[in-house]
Amino acid sequence: MEPESITVGLDGSVESLAAARWAADEAERRNAVLRLLHAWILLAAEAPGTPPDRDQNAGARQVVDRALDEVRAHHPHLQIIEDLVGSEAEPALLRAAGESRMLVLGSRALTMWESYVLGDVSLDVVGRAEGPVVLVRGGWSTNPPPEFADLVPRPAPRIVVGMSLNGPCEPLLAFAFDAAVSRGLPLQAVHGRTLPVHAYAPWADPDVAEEVTGEADGELRESLRPWCARFPEVPVQVTVLPESPTRAMVQTVPGAELLVVGRRRHRPPLAPRVGPVAHAAIHHVACPVAVVPHG
């Protein structure tokens, strides 16, 4: 049986090089093939032996070669495929997502303003891909800056998965548990449950929040029970917060090595392809984010 492949989309940016390094680590961990893909619509067919000064594809080749050199320096024995594709980036990446175990892309750290006005191929691919897409920022780290290393508590490394409990999410949990097993890390399952309006009234019962979160905690544990039985070697922590799902995820994820969130394949016609939790994760979470389609 041929080894599975992990594809990284390259565009020559610092972020895509970070994605290549992350994808190479993942490929080596899984004994998979790493595919370095760069799509350029002007890619030309050229005869062998074309002089460098007449090579119309020189710029495209440099993008792949730079990533190849970066990866080879740390993974000399990794099986790598170099793939130059004559296509627009989005369709090439969507095809790759359907052919690979996962697609890995660089993700820029957006400001609040840019998150609304910047057209991003990565976001379009995440919203349409048939398989998991992992977004990696340039220069991310689970460690605090050196000058704050002794002042900032360092959470234990872990995989975090955000769960909505609004329907089946087997692919999401399969990806999250598999990521935890492959790294030998615990898994933290996070759910945010917004309190009812009357919980904020001056005369509200002070036990409302505890009742609501207790009910959600039971639902979450029941959803995880078969997966914990299937992966007994993975320690699982359950976290339920009386917050919106987005706020719960943002509060919990610092220090994680990977955040796993879901995206429903079938959404209402006029709704965004990516829900609010995945959208917030893509734009505002520092660690790598895996968006897994399901449902």
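Student: What are the ground rules here?
Tutor: The model is predicted, so local features need pLDDT of at least 70, side-chain atom pairs count only at pLDDT 80 or more, and totals for chains, interfaces and linings use all residues. Residues are numbered from 1 along each chain as its sequence is written, and side-chain values use heavy atoms, with hydrogens and water left out.

Student: How many disulfides?
Tutor: The count is 0 disulfides. The rule asks for a pair of cysteine sulfur atoms within 2.5 Å.

Student: Is cysteine 169 buried or exposed?
Tutor: Cysteine 169 is buried, at 10% relative accessibility. Buried means under 20% relative accessible area, exposed means over 50%, and partly exposed is in between (1.4 Å probe, protein chains only).

Student: And cysteine 287, buried or exposed?
Tutor: Cysteine 287 is buried, with a relative accessible area of 7%.

Student: Switching topic. How many salt bridges?
Tutor: The whole structure has 15 salt bridges. Each needs a side-chain nitrogen of Lys or Arg within 4 Å of a carboxyl oxygen of Asp or Glu.

Student: Which residue forms a salt bridge with arginine 265?
Tutor: Glutamate 130 does, with the closest N and O atoms 3.7 Å apart. The pair ties together parts that are 135 residues apart in sequence, because arginine 265 lies in the loop between strand S9 (258–264) and helix H9 (276–284), and glutamate 130 in the loop between helix H5 (121–128) and strand S5 (133–137). Helices (H or I, at least four residues) and strands (E, at least two) are DSSP runs, numbered from the N terminus.

Student: How exposed are arginine 265 and glutamate 130?
Tutor: Arginine 265 is partly exposed at 34%. Glutamate 130 is exposed at 53%.

Student: What about glutamate 219, which partner does that have?
Tutor: Arginine 193, with the closest N and O atoms 3.1 Å apart. Glutamate 219 lies in helix H7 (residues 208–230) and arginine 193 in the loop between strand S7 (187–192) and H7, so this pair joins parts 26 residues apart in sequence. Glutamate 219 is partly exposed, at 31% relative accessibility.

Student: Where do arginine 225 and glutamate 222 sit?
Tutor: Both are in helix H7, 3 residues apart, so about one helical turn separates them. Arginine 225 is exposed at 51%, while glutamate 222 is partly exposed at 45%.

Student: Which residues are linked in a network?
Tutor: Glu4, Glu26, Arg29, Arg30, Arg101, Asp178 and Arg183 are linked by salt bridges.
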